[in-house]
Amino acid sequence: MPLVTTKDQTQLYVKDWGEGRPVVLVHGWPLNSDSWEYQAVRLAEAGHRVVSYDRRGFGRSGQPFQGYDYDTMADDLDTVIRELGLKDAAIVGFSMGGGEVARYMSRHEGRNIRAAGLIASIAPGMLKSDKSPHGVTADVFEGIKKGLRKDRPEFLREFFKTFYGNKVSEGVLHWSLMMAMQASPKATLDCVDAFGKTDFTDDMTAFKVPTLVVHGAKDETVPIDPSGRRAAKLAGSSATLKVYDDAPHGLTATHADRLYEDLAAFLK
């Protein structure tokens, strides 16, 4: 099993496929790196070195009881990049993974990064505030945690219906629940606060490289106005926004081919 060890001795499960210019794919909540399947295989076949890893607490990575804040998780991303010797790389984050990308760009000054991608990303922040009046109120995240504590399997089973906008097969729904249930319950809970309440507004000024922002207009999980549209605005001239008019949140599966084609074109 390919493992990378972080500063606090947490072991991260890493996939390293193909050869060529590297691209690092950071998965969303509450999934793992397998969720990038439809893009990762094709990008490797197209001549990229594709690296994806399971976030701490998720999938096949270690499950510490702490460390589910974005500073620590961005440091984990830095560890993966350094340990694999990745240079001139692109980093692409889906959903919660967009937070790691944003925090890496600021905290680690975009070291060894030539391009970035924010796919249905939570950055620059989901929480409603004066900066983000169209954001989500805090009680929504408290409700998610309450549902997880009461019956995590059933809550997530229902959650994925909205996540994918009822646009995927029963097989994809089962597969997604399987990935989600591999995760630590503590990580699953703590990451709700991390992705729900972290403000990445200041981090967005660190995006000095070409940045692809992709978001679904029908995303009910991470609404486009406080996230995708605002991210593209804050990243400025480096950003290109692509809106998928009919897409829900889980567009890595619902719009798998279109997302691959947009990523492949961008990475050229």
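Where does Pro30 lie? I found Pro30 in the loop between strand 3 (21-26) and helix 1. For these names, helices (H or I, at least four residues) and strands (E, at least two) are DSSP runs, numbered from the N terminus.

**Entry 1: the model.** I noted that this is a predicted model, in which local features need pLDDT of at least 70 and side-chain atom pairs count only at pLDDT 80 or more, while totals for chains, interfaces and linings use all residues. Residues are numbered from 1 along each chain as its sequence is written, and side-chain values use heavy atoms, with hydrogens and water left out.

**Entry 2: backbone.** I looked up the peptide bonds and the phi angles. Most residues other than glycine have a negative phi, and most peptide bonds are trans. Trp29 and Pro30 are joined by a cis peptide bond, with omega at about -5°. Another cis bond joins Ala123 and Pro124, with omega at about 15°. Pro124 sits in the loop between strand 6 and helix 4, and I placed Ala120 in the loop between strand 6 and helix 4 as well. Ala120 is not a glycine, yet its phi is positive, about 45°. Asn166, in the loop between helix 4 and helix 5, has a positive phi near 55°.

I then checked accessibility (buried means under 20% relative accessible area, exposed over 50%, partly exposed in between, with a 1.4 Å probe and protein chains only). Ala120 counts as buried because its relative accessibility is 0%. Asn166 counts as exposed because its value is 64%.

**Entry 3: Asp219.** Is Asp219 buried or exposed? Asp219 is buried, because its relative accessible area is 6%. I located Asp219 in the loop between strand 7 (211-216) and helix 7 (225-235). Neighbours within four places in sequence aside, Asp219 is in contact (heavy atoms within 4.5 Å) with Ala120, Ala247, Pro248 and His249. Thr162 is 57 residues from Asp219 in sequence, and their C-alpha atoms are 8.6 Å apart.

**Entry 4: Asn112.** The loop between helix 3 (97-107) and strand 6 (113-119) holds Asn112. Asn112 counts as partly exposed because its relative accessibility is 27%. Not counting residues up to four places away in sequence, I listed Ile81, Leu86, Lys87, Asp88 and Ala89 as touching Asn112.

Entry 5: Helix 5 (residues 170-181) has twelve residues and reaches 17 Å from its first C-alpha to its last, close to the 16 Å expected at 1.5 Å a residue. That expected span is 1.5 Å times one less than the number of residues. Among the buried residues of helix 5 I noted Trp175, Ser176 and Met179. Their cover includes helix 1 (37-45), helix 4 and helix 8 (251-254). Helix 9 (residues 256-267), with twelve residues, reaches 16 Å between its end C-alpha atoms, close to the expected 16 Å. Its buried residues include Tyr260 and Asp262.

**Entry 6: the record.** UniProt lists residues 22-250 as "domain: AB hydrolase-1" in an unreviewed entry; such annotations may be inferred rather than shown by experiment. I found this span to be 42% helix and 16% strand, with its end C-alpha atoms 24 Å apart.
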